[in-house]
Amino acid sequence: MSKNRRFPLLPLRDMIIFPHMVVPLFVGREKSIAALEDAVKNNNELYLVAQKDASILNPEREDIYTMGTVVNIIQMLRLPDNTVKVLIEGKYRAKLKKLHNMPEGYYANIEECLDTTGDEVNVEAITRSVKDTFEQYVKLNKRIPPELLMSISSIKEPSRLADIIVAHLAMKIPEKQKILEAVEVASRLHILLEKMQGEIEIINVERKIKNRVKTQMEKSQKEYYLNEQMNAIQKELGQKDEKSDITELEEKLNTKPIPKEAKEKTLKEIKKLKAMSQMSAEAAVVRNYIDWMLNLPWENYTQDDNDVEHARKILEADHYGLKEVKDRIIEYLAVRTLVKENNGKGTILCLVGPPGVGKTSIGRSLADSLGRKFVRISLGGVRDEAEIRGHRRTYVGAMPGKIMNALKRAGTSNPLILLDEIDKMTSDMRGDPASAMLEVLDPEQNNTFVDHYIEVEYDLSKIMFIMTANDVSKISSPLRDRMEIISIPGYTPDEKLQIGKRHLLKKAVASNGLNDYVFKISDTAIMKLIENYSREAGVRELERLMGALARKIATQIVTKKIPVGKKFSITPTKLKKHLGPEKYDRTDIEKHPQIGLVNGLAWTAFGGELLHIEVVTVEGTGKLQITGKLGDVMLESAKAALSYVKSISDRLGIGAQWYDKNDIHIHVPDGATPKDGPSAGVTMVTALTSAIAGIKVFADVAMTGEVTIRGRVLPVGGLKEKLLAAKLAGIQTVLIPKKNEKDLDKISEEIKKDLNIVPCKLVEEVLKYALNLSNPDSFMKVVGLKVITGQAETDLEIAN
């Protein structure tokens, strides 16, 4: 190399200039024009080097190649559009040593690269081969004028010969740059010879293909022909820059762990795809199926984290309370730790409870504690069996079901799948999705689950299924039989207080941009929100209320431009200002005993409710009227209750003719809300007895239980929710069925605290505690003698 020199530099886009080339350039970039003008002032010499990426407007050192060409400016002309047309001639190769990116233009320190000849005999032999090959290339390629051969044959210098020929070949920029960087003449000629021979082979193959497909081509198949021509060229060459789609699919199939049956099915579809026109509609269907088969995780599993303490920490950090659920999850992990050979067995849990108690979020926490992928599938409103099993491929737009979609999203065959709102599935003429779920959720069958679209067996047994539901009674019995049901009842006020302090307040601060301020809500204010501004089993309304308070503070900060760090505290007195008057009064009960008004307890999907039952009697013709939008079961309970009261009428001092001269009206508010179930039986008996006999009922007593016409009190469900509703309403005494006494052990002491819970086996016991009697014991004895006639001796002992 010669001495280091400095030249103005012009970066080229999509072009490489070789020595001895004479070519016009159009220059538009300001720095490039400045470099031209500077070169004109200094011997008309300029250094040209190609950019690696033509889209870069102002390239830096790493954006341009190292080897370029020093050129001589023959002519320069400024055009009306402020661009410059310049005619240049390449002089010699030069290597870039240092780039100076200045505001007025680019400058480069370069070193001239001198050609090295090497073995003259070898160079001469390669030169002759190059000339002969180029002559063949010109004959085959109609785009190169034949006159060029005359000028090429007269060139004696091998270096110049290579530089002139390469300028007429269709080559990519990196390939031309490789020839430019070849300082050794023999190496340069070798590269050029290989490239020309490759181009000649491509042209020959192209001619063969044209002759082979010409008789088959029609106007409608022109696009297909072009694709076939390209594929045939690549096949004849034996190698190509980009692998064909079908080859990639075959390679992916060979490397992917996939069951034998699925592999054979996929391979069969790939062979079918090869024989099809790539432009046909059927090819798109087959290709979509192959993509699904290759994108499913099949035998890809994640390693579970069975650390019990780690899981306990995550569950405690994310959720307050929910002891039964947490204990079940810890038990599950403990068993998996001990039973190694069954470590992949799936689990099917169903979390049942009112909205807002954390059923969905605990599924995500469980996935985090296990180290599994989490996927949620919403089943609310799903009414088509194909949503679960997929569509058969004979249908247009067919696709796999939700289970296969979930596995594809998870990327593993043992994720935790949350089936949300499974009790909201419905059915219609297209099938019953609940029936399709039977195989999915059966541990003995789901290892051979077949999706209609996939058409091969898939093992679902290692998936952990978690379901959520509000009302388990709406789930079909066969489906319910496959689940382990865990009840998540509503939160107590103290539990809501802790959740609000630990989780909801932080969430409200973060979501409303108050991280730079001190925002606090006192415990008494939170309790007031719980008791007087919300009525729910969960905490969603409480979360919304805290969010509303945070937004009020955020508005103050922006409006009054309050500086960062200011402290805001919400007390009970400020709630009315921000949220308006109280919405609910927890003292829903009457202050004094009433005739014909009894407090019942009901269970709903949203938690427990206090259910008032009213009875009035008026003179009439013996009609019974029942209102309040009651279901069939509740109507039957009312009739059974009236029959029982009639059976003890003589003990109440009421003659049989009274019922012929009076009408009885039973009403259950709220009239617009549908109600059903047998648990209001004892409440109706008490209300009827009170109204007919004119005896007042204690206002602080509530009750629940099914009644028979012989006066027995049968057990009911939802006891915890009912007791919680009674406590929140200010009830002092709760009468429950004797057979529900065992359920009290599962209810927290916080709920039972301050409640006088009385188990009752017979209706007369209920009347004893509910009616305002002067001598309850004697009333019970008189009533009991009539009720238990003909019953077992043990019943007689209880009555006495």
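The charged end of Lys646 sits over the ring of Tyr659, 5.5 Å from its centre. Here, "over a ring" has a set meaning: NZ of Lys or CZ of Arg is within 6 Å of the ring centre and within 35 degrees of the ring normal. This is a predicted model, with local features needing pLDDT of at least 70 and side-chain atom pairs counting only at pLDDT 80 or more, while totals for chains, interfaces and linings use all residues. Residues are numbered from 1 along each chain as its sequence is written, and side-chain values use heavy atoms, leaving out hydrogens and water.

Tyr289 also has a charge on its ring: the charged end of Arg393 sits over it, 3.8 Å from the centre. On to aromatic pairs, meaning rings of Phe, Tyr and Trp (its six-membered ring) with centres within 6.5 Å; planes under 30 degrees apart are stacked, over 60 edge-to-face, and the rest tilted. The structure holds four such pairs. One of them joins Tyr289 and Tyr453, and it counts as tilted because the planes stand at 55 degrees, with the centres 5.8 Å apart. The two partners are 164 residues apart in the chain: Tyr289 belongs to helix α10 (residues 281-295), and Tyr453 to the loop between β10 (449-450) and β11 (457-458). Helices (H or I, at least four residues) and strands (E, at least two) are DSSP runs, numbered from the N terminus.

Tyr517 and Phe568 make another tilted pair, 6.3 Å centre to centre and with 55 degrees between the planes. Tyr517 lies in the loop between α18 (493-511) and β14 (518-521), whereas Phe568 is in strand β15 (residues 567-570), 51 residues apart. Tyr517 is buried at 16% relative accessibility, and Phe568 is buried at 8%.

Then there is the sheet. Seven strands line up in the order β19-β20-β18-β17-β22-β25-β26, forming an open sheet with mixed pairing; two strands pair if DSSP finds at least two bridges between them. At the edges are β19 (624-627) and β26 (756-760), each pairing on one side only. Strands β17 (residues 597-604) and β22 (residues 701-703) run parallel, joined by two bridges. Asn599 stands opposite Ala702 in β22.

Notes: Buried < 20%, exposed > 50% of the residue type's maximum accessible area, 1.4 Å probe, protein only.
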